[in-house]
Amino acid sequence: MNKRKKQSNKGTSESNQNKFSASQYANQIMHLLDLHPGRAYTLKQVQQHLYARNKRDKNNVEATLHQLVQQGKIEQFRKHFQSKSASVNMTGRVDHVSPHFAFVIPQEGDENDVMIRTPDLNGAIDGDIVKISIFPGAKGRDGRKAGEVKEIIERKHTEIVGSLELSEMYGFVIPNSRKIYEDIFIPGNKLVDAKENDLVIAEITRWPEKVNKNPEGRIKKILGKVGENDAEMHAIMLEFGLPYEFSKEILTIAEQIPENIPESEIKKRRDFRPVTTFTIDPADAKDFDDALSIRTLDNGNFEIGVHIADVTYYLKEGSILDKEAYKRATSVYLVDRTVPMLPEKLSNNLCSLKPNVDRLCYSAVFEMDKNAKVYNKWFGRAIIHSDRRFSYEEAQELIEGKKGDYSEDINTLNDLALKLRKKRFDEGSISFESTEIKFDLDENGKPIGLIPKVRKEAHKMIEDFMLLANKSVAEYIYNFKDTKGQYTFVYRTHDYPDHEKLMNFAAFAKNFGHNINIEEQGLSKTLNKLSQEVEGKPEQNILQSLAIRAMAKAVYTTAPNGHFGLGFQHYTHFTSPIRRYPDALVHRLLDNYLNNGKNPNRAELEKKCEHSSSMEKLASDAERASTKYKQIEWMQEMVGEEFDGIISGMNDFGIYVELVETKCEGMIRMRDIESDYFELQPEKFRIVGQKSGKIIKFGDKIRVKVKSTDINRRTMDLVIADDGN
């Protein structure tokens, strides 16, 4: 009996030991998590550490954990719990790269991007500025830190462009942007006159308070029908936050600018009207912002003038027109049109260096000998009278031996340009000649053919003289100092390539049999050698585009750093003020210093540089989107057809393939490879079949069939063509 009683007491003791209430577990949980602040625990792990073995105790632990989360004493990330002190807060911008996950790019510091699963965005969408919690114990893709959005600080989008899908009582706007995955709910009374399949602008009127709910909005503007060229191009501009038209006020102000040039203004300028001058531009160009003049001096040297449209004469600093130009910062070149930075009265008329009319310029003039050695330079305001307008094709014919107007002058300029080019490459400039495709469009903007863009000597000749002018202006101001030191200026800089990206590129190029010397010394020559080796080969586009991606982005800045890609110690943009606002800034600064003006505020100028760099990127994104749209529109007619391609990328979801003939890119989705299950091995740039052992890697040639196209998302699905095996 005593024995049984003793056993009973033992059982009672063990039972009491585990009879903790939910509140009694709190201290134990806090102690456990604080003891290991860098570690995240699952519910099961916490239960095991607290010896919660029966259902009641496990439930109590679970209830306590959730209570502590609600009280803000600990953090929960997905299925993990962690000490509050272990989490790291960071502010950044959402880059929603996939329906399944996003990255948050930090606003400050050297932190790496943080991966956020789509459910953990908690209502944030692409472009939003958010505060996130980073959990050191949790890892995302590629070993990156992972986290979740805690607060949405600033919404990027107040309007969304997309196509309308209607139900009886309401509608949804399906965003055009491939990075916005939330449809916009439109109540019936907010649809206005919009119809099914209209391209519209939806204004967001209410953001959801709960996750997995749609934003709500109203139809603000109807752009046209899905598939209509004008509507689609306008939609692309709006998708990237770019204006596609000028206000009536801006157009009215521009029209009021007088066309005559006052004699008093002409007297202030160096007169090049008697000197042979001409422009060379694309055949369809409407704005000519640069011209070349040439004359032989008494000493046998040549005087070469690089004359640039004097936009700042008409664009008065601080005026309404100037503010509009600054806001736009750049012209945008879509597949079928140019959306100019300046109203047409300026861009295509007053500032355009048309033949047979006087035009105001800001000029860079060089005295050089027959070997292109420069002896003297002059910078200042001028007036010119262009004698002839050449297209690139017309100038090229003269270079190739055809006789015609100014053929001797053009060939002299080309000889000088060849020498300038050789010197530039000898000193470290990098040459990448990627193959581009231009669309032949019908009157409705529909692609009816593809035309390769070929850069010949005439193109390169103009480029060489523009580079000379840009470099010379930057060097002149850098060395132009007063007693207070260096003058503040707008430079165009390009940093050395990121070492890790360059290593990856070198490994990728090796797949094609190309060895890349990744050491900075000699890197330029190595890349130029690669460019020559791949010219005309199927892998040319892929290798050269990846090489460019491996390099840093060129930016505008007041920091007088060099330009790696060009091999210049100092460089700026001086030659295109009709289409780039930083060039107008450069003209103003140069004129200011030539007239003994004061050094401007560096911080304010740096902000203008940052804005210009940002707008340049948006314009580039819009241009690529318009090209992608036309590519998919072209490929719509080719569903079921087969093409040769080259594997240009891969991820967990599929393989990217660039078609050799059309340069269009599509994806072979993993789920569509029925013969095997393939596993991605990113460090080796390949996928491997788990059954067959078959290896598919970057750069492989592959025969594919077009499975489907999605014009709204600008995507194309491919499948591996049946090779009969």
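Which residue in strand 12 does isoleucine 160 stand opposite? The model is a predicted one, and in it isoleucine 160 stands opposite alanine 202.

**Strand 9 and its partners**

Strand 9 covers residues 159–166 and pairs with strand 12, residues 198–206, in the antiparallel sense over five bridges. Strand 9 is also joined to strand 10, residues 170–175, by five bridges, and these two strands run antiparallel. In this second pairing, glycine 162 stands opposite proline 175 of strand 10. The link between strand 9 and strand 10 is a hairpin of three residues. In a regular strand, side chains alternate between the two faces of the sheet.

**Threonine 493**

Strand 27, residues 491–493, contains threonine 493. Apart from neighbours within four places in sequence, threonine 493 is in contact with Lys553, Ala554, Val555, Thr557, Ala559, Asn561, Gly562 and His563. Threonine 493 counts as buried because its relative accessibility is 7%, and the cut-off for buried is under 20%.

**Cysteines**

The structure has zero disulfides. For cysteine 361, the nearest cysteine sulfur belongs to cysteine 351 and is 9.8 Å away, so cysteine 361 is in no disulfide, since a disulfide needs sulfur atoms within 2.5 Å.

Notes: Residues are numbered from 1 along each chain as its sequence is written. This is a predicted model: local features need pLDDT of at least 70, side-chain atom pairs count only at pLDDT 80 or more; totals for chains, interfaces and linings use all residues. Side-chain values use heavy atoms; hydrogens and water are left out. Helices (H or I, at least four residues) and strands (E, at least two) are DSSP runs, numbered from the N terminus. Buried means under 20% relative accessible area, exposed over 50%, partly exposed in between (1.4 Å probe, protein chains only). Contact means heavy atoms within 4.5 Å. Two strands pair if DSSP finds at least two bridges between them.
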